Amino acid sequence: MMNMPARALAAAVFALLPMTATTTHAAPALPQPRPLSLADAIGRLPVAAESREGYVRGAFKGWVDDDHDHCSTRAEVLIAESRTRAVIEGDCRVTAGTWYSYYDGKTVTEPRALDIDHTVPVAEAWDSGASQWSAERREDYANDLDSERSLVAVTAKSHRAKADGDPAEWLPPLADAYCTYAADWTATKLRWSLSVDRAEAAALRELAEGCGRQQVEYTAAPGDAAAV
């Protein structure tokens, strides 16, 4: 990436070039988040029966180093979410920092006490549409660093209590987290064009009734032609 002086130099050089009749096209605009009320966002979720037939955890390749900076997806989340500068040793091994696990309201300073949770668990994603995806798309889902709602560092205890449960089966132990969790869950399902089952939809609507002005913002996952 050019630094600012280099960009200025490039602009000056360009200004000296002769003008031509060649038509130029502006670069496409980056997708913008779509703000919705929580209730409206839930209303956009397609309702369908779920099936776990054929599911294996290995269908979602996780914790890759997609940008080849030696930091795995797990390390990237830990670094991004630490409330103090994360301590990194060796080949991007995160050894210290300060994290807030919003599921249970715990502050954690030991990375080994944290799990990186898929807001919508991969098994739930499989049930609600990901079974039809390519292996590459499932890998993208499992390592989605482009949305802050997709992956979150939480205490191992809360993550393991959640397991593969949807909001009809599990909610964070901290009641103050309900609205944020419902918004994160809904945004992730919308981002990846995943469906909800009837019990899940009913649980989300019930949560929305107590969430006042909670908003949901999401951008469609790259390559998702089905997103609206």
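## Salt bridges and a buried strand

Trainee: D115 forms a salt bridge in which the closest N and O atoms are 3.1 Å apart; which residue is the partner?

Mentor: This is a predicted model, in which local features need pLDDT of at least 70 and side-chain atom pairs count only at pLDDT 80 or more, while totals for chains, interfaces and linings use all residues. Residues are numbered from 1 along each chain as its sequence is written, and side-chain values use heavy atoms, with hydrogens and water left out. Given that a salt bridge needs a side-chain nitrogen of Lys or Arg within 4 Å of a carboxyl oxygen of Asp or Glu, the partner of D115 at 3.1 Å is R160.

Trainee: How many residues apart in sequence are the parts that D115 and R160 tie together?

Mentor: Helices (H or I, at least four residues) and strands (E, at least two) are DSSP runs, numbered from the N terminus. Because D115 lies in strand β6 and R160 in helix α6 (residues 156-162), the pair ties together parts whose separation in sequence is 45 residues.

Trainee: Is R160 buried or exposed?

Mentor: Buried means under 20% relative accessible area and exposed over 50%, with partly exposed in between (1.4 Å probe, protein chains only). D115, at 11% relative accessibility, counts as buried. R160 has a relative accessible area of 59%, so this residue is exposed.

Trainee: Which residues of β6 point the other way from L114, I116 and H118?

Mentor: In a regular strand the side chains alternate between the two faces of the sheet. Strand β6 (residues 114-118) is mostly covered, with five of its five residues buried. While L114, I116 and H118 point one way, the residues that point the other way are D115 and D117.

Trainee: Which residue in β7 stands opposite D115?

Mentor: Two strands pair if DSSP finds at least two bridges between them. Five bridges join β6 to strand β7 (residues 151-155), and the two run antiparallel. In β7, the residue opposite D115 is V154.
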